[in-house]
Amino acid sequence: MTVATRQPRKTQSRPTKRRIVSAASELFVRDGYLQTTVTAIARHAGVAVQTLYLSFGSKDAILAAALDVAIAGDDEPEPVLERQWVVDVAAEKNGRIALALVVDTAGEIVARVQPLYSVVQRASADPELAELLHITKRRRHETFAAVVALLAQKPTFAPGLSVEQATAVLYALASEESYQLLVLEQGWPEQDWREWVTETAAAQLFRRARRSP
């Protein structure tokens, strides 16, 4: 999960940028970052190479934009933390239910992002891509920190657990890395992975309700 930091785009350029990002995403995932040329992206998007450079400036900027769109799920200039699911998490009184909302959203994002995230990982020997990977992980951590701050306000949040510690737990569990290990490598159904993340995080972040005798 990552904080989107987009600048407003000109309305007339958005359809063109959308085509370029879509074409580039397909080629990056299919062929890899290094093997995908700017010319191939332009051809696949049905635009001139000059248009591509005017829109983004470089191939790594296209990959960054594609990753940004995959994280948000669209190209709207609305930051992740201003979206409806965050409002729902803040409004939910039950901490475990609020956590499940977070994990469900994180799961959707991870499933969308993972193919491009792997592209960035494989090409991270390139300094520009290494920086993109670093920024992506830092923003994901920042997003979790903001969401955990909301969870920490729930009545059953574990006493003595700091927001920083709880953020580290969720950052590790609901990550592209754990998704890759358990879903892609070990063949877990995605829903099983989400339930595991939710239950494991809940055991750390929230006290269990006492049962009546």
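# Close-up views of a predicted model

**View 1. L99 sits inside the protein.** L99 has a relative accessible area of 0%, so it is buried (under 20% is buried, over 50% exposed and in between partly exposed, with a 1.4 Å probe and protein chains only). This is a predicted model, where local features need pLDDT of at least 70 and side-chain atom pairs count only at pLDDT 80 or more, while totals for chains, interfaces and linings use all residues. Residues are numbered from 1 along each chain as its sequence is written, and side-chain values use heavy atoms, with hydrogens and water left out. L99 belongs to helix α6 (helices are DSSP runs of H or I with at least four residues, strands are runs of E with at least two, and numbering starts at the N terminus). Leaving aside neighbours within four places in sequence, L99 contacts L151, L170, T198, A201, A202, L205 and F206 (contact means heavy atoms within 4.5 Å). One of these, T198, is 99 residues away from L99 in sequence, yet their C-alpha atoms are 6.8 Å apart.

**View 2. The largest nonpolar core holds 59 residues.** Such a core is a set of buried Ala, Val, Leu, Ile, Met, Phe, Trp, Tyr and Cys residues joined through side-chain atoms within 4.5 Å. F28, L63 and L99 touch the most other members. Helix α6 (residues 95-122) gives the most to this core: 12 residues. In soluble globular proteins, nonpolar side chains tend to be buried together.

**View 3. Aromatic rings pair up.** The whole structure has four aromatic pairs (ring centres of Phe, Tyr or Trp, the last by its six-membered ring, within 6.5 Å; planes under 30 degrees apart are stacked, over 60 edge-to-face, the rest tilted). Y179 and W193 are edge-to-face, because their ring centres are 5.2 Å apart and their planes stand at 90 degrees. Y179 is in helix α9 (residues 176-185) and W193 in helix α10 (residues 190-205), so this pair ties together parts 14 residues apart in sequence. Both Y179 and W193 are buried. W188 and W196 also pair edge-to-face, with 6.0 Å between centres and 90 degrees between planes. W188 is partly exposed, at 31% relative accessibility. W196 is partly exposed too, at 29%.

**View 4. Lysines lie over aromatic rings.** K59 places its charged end over the ring of Y33, 4.2 Å from the centre (NZ of Lys or CZ of Arg must be within 6 Å of the ring centre and within 35 degrees of the ring normal). K17 lies over the face of F56, 5.9 Å from the ring centre.

**View 5. Helix α5 has a buried face.** In α5 (residues 84-91), the buried residues are W85, V86 and V89. They fall within an arc of 100 degrees seen down the axis, so they line one face of the helix (the arc is that of the directions from the helix axis to the C-beta atoms). Their cover includes α6 and α7 (127-151).

**View 6. Helix α9 packs against other helices.** E176, S178, Y179, L182 and V183 are buried in α9. Their arc is only 150 degrees around the axis, which puts them on the same side of α9. They pack against α6, α7, α8 (163-173) and α10. Just after α9, G187 takes a positive phi of about 75 degrees.

View 7. The average pLDDT is 90, and 92% of the residues score at least 70 (pLDDT is the predictor's confidence in each residue, from 0 to 100). Over residues 2-12, pLDDT stays under 50. The model has 26 contacts beyond four places in sequence for these residues.
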